[in-house]
Amino acid sequence: MEQQQGRLQDLCPATGTSNFDANDITLAEISTRFDHTAKDKAAIIVLSNNEILKQNGGGDKGGKPNTGPEDPTSQELVLTPGQKVVAGTRLTMWLGVGAFALACAYYIGKELLPSKMSANSVFDKAFDRIKENQEVMSRFGAPLKAYGRDHGGHREGRRNFIEHTEYTDKEDGSKRTRVRFNLEGQFGHAFVFAEVSSDMDSGEFVYLLVQDKRNGRVITIVDNRSALIAKRMAGGSKEGMDAFSNLLTGGKK
């Protein structure tokens with residue numbers, strides 16, 4: 001820059017200005033105010049053009065022209081082995097969180113929207129059926145209360161787990177759900193045993209039994225086990241069922 005100012009001062013001695021700055025004078029002013037040879041004017045043009053390029057950011061510190069911003073696609077992200085391990089760990093963690101959230105959503109939906117084979121659904125339908133049975137009401141007294149496994153406490157949260165077993169019947173291949181819960185009335189306590197089959201309509205039971213805890217006496221509310229065996233032996237057809245029924249009853253209706 002100092003060399004350029006010196007060159008301009010040498011070319012323009014007639015200004016009489018001691019503080020001459022190349023940034024404060026334009027090419028047009030130099031051409032009109034001073035009379036120089038064609039060679040000197042050419043030198044002024046070169047110096048002025050270089051100065052304009054620098055003021056407009058036309059070059060970098062190394063004197064190379066600025067060709068614009070670099071293409072971001074040409075820059076590749078290179079990870080160190082440690083960064084790769086961290087990225088892999090984070091990905092695995094988020095996948096685990098996602099799988100856990102899906103599992104929670106599944107079980108919450110299963111509890112809030114139970115199917116006919118769920119333990120809570122069997123519990124509710126069995127208790128509704130028991131409350132309609134006059135023999136049970138007379139034996140244990142009203143009001144009746146049903147609850148799950150008794151852990152020795154009286155809070156509702158400790159009794160809301162219904163003991164149940166889910167399995168597949170080996171004889172007919174149907175899915176079964178078997179439950180056991182407690183029944184309490186004014187005059188005593190009892191166990192309730194119930195089982196449902198996927199081959200039966202909702203609200204129907206393979207069996208529904210109430211056992212008095214004091215003496216072990218069983219009150220049978222529903223027992224379709226013999227009927228299911230007969231249906232299986234008859235092949236499931238109506239004609240086979242009628243024939244099997246006639247065989248059991250000796251042809252009497």
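This is a predicted model: local features need pLDDT of at least 70, side-chain atom pairs count only at pLDDT 80 or more; totals for chains, interfaces and linings use all residues.

Which residues have the most contacts inside the largest nonpolar core?

Author: The largest nonpolar core has 25 residues. Those with the most contacts inside this core are Ile 130, Val 136, Phe 181, Leu 183, Phe 205, Leu 208 and Val 210. Two or more residues come to this core from each of helix H5 (119-131), helix H6 (134-140), strand S3 (175-184), strand S4, strand S5 (207-212) and strand S6 (218-223). Helix H5 gives the most, with 6 residues.

Leaving aside neighbours within four places in sequence, Ile 130 is in contact with Val 136, Leu 144, Phe 181, Leu 183, Val 192, Leu 208, Val 210 and Ile 221. Apart from this core lies another one, of 5 residues, which include Met 200, Tyr 207, Leu 209 and Leu 228.

The protein has 8 helices and 6 strands. Their order from the N terminus is α-α-α-α-α-α-β-β-β-β-β-β-α-α. Of the 253 residues, 27% are buried. Among contacts between residues at least 6 apart in sequence, 44% join residues at least 24 apart.

Lys 131 also belongs to helix H5. Lys 131 is partly exposed, because its relative accessible area is 40%, and buried means under 20% while exposed means over 50%. Not counting residues up to four places away in sequence, Lys 131 touches Met 137 and Leu 144. From Lys 131 to Pro 143 the separation is 12 residues in sequence and 9.1 Å in space, C-alpha to C-alpha. Pro 143 is found in the loop between helix H6 and strand S1 (145-147). The peptide bond that joins Ala 142 and Pro 143 is cis, with omega of about 0°.

Charged side chains come next. In general, side chains of opposite charge can pair when their charged atoms come close. The structure holds 12 salt bridges. In one of them, the side chains of Arg 139 and Asp 212 meet at 3.6 Å, N to O. Arg 139 lies in helix H6 and Asp 212 in strand S5, so this pair ties together parts that are 73 residues apart in sequence. Both partners are buried; for Asp 212 the relative accessible area is 2%. Asp 212 also meets Arg 214 in a salt bridge, at 3.2 Å, N to O. Arg 214 counts as exposed, because its relative accessibility is 56%.

Arg 176 and Asp 172 meet through their side chains in a salt bridge of 3.4 Å, N to O. Arg 176 counts as buried, at 6% relative accessibility, whereas Asp 172 is partly exposed, with a relative accessible area of 31%. These two residues belong to a network of salt bridges that links Asp 169, Asp 172, Arg 176, Arg 178 and Glu 195.

Arg 176 is also one of the residues touched by Ser 197. Ser 197 lies in strand S4 (residues 189-197) and is buried, with a relative accessible area of 4%. Not counting residues up to four places away in sequence, Ser 197 touches Lys 116, Met 117, Ser 174, Lys 175, Arg 176 and Val 206. A polar atom of the Ser 197 side chain lies 3.2 Å from the backbone nitrogen of Asp 199.

Met 93, Trp 94 and Val 97 make a nonpolar surface patch of about 350 Å². Met 93 lies in helix H4 (residues 81-112) and is partly exposed, with a relative accessible area of 46%.

Note on methods: Residues are numbered from 1 along each chain as its sequence is written. Side-chain values use heavy atoms; hydrogens and water are left out. Patches are made of residues with over 30% relative accessible area and no salt bridge: like charges are joined within 9 Å, nonpolar side chains (Val, Leu, Ile, Met, Phe, Trp, Tyr) within 5 Å. Accessible areas come from the Shrake-Rupley method with a 1.4 Å probe; for residues, only the protein chains shown count as cover. A salt bridge is a side-chain nitrogen of Lys or Arg within 4 Å of a carboxyl oxygen of Asp or Glu. Helices (H or I, at least four residues) and strands (E, at least two) are DSSP runs, numbered from the N terminus. Buried means under 20% relative accessible area, exposed over 50%, partly exposed in between (1.4 Å probe, protein chains only). A polar contact is a pair of N or O atoms within 3.5 Å; within protein, one must be able to donate a hydrogen and the other to accept it, and residues adjacent in sequence count only if both atoms are side-chain atoms. Contact means heavy atoms within 4.5 Å. A nonpolar core is a set of buried Ala, Val, Leu, Ile, Met, Phe, Trp, Tyr and Cys residues joined through side-chain atoms within 4.5 Å.
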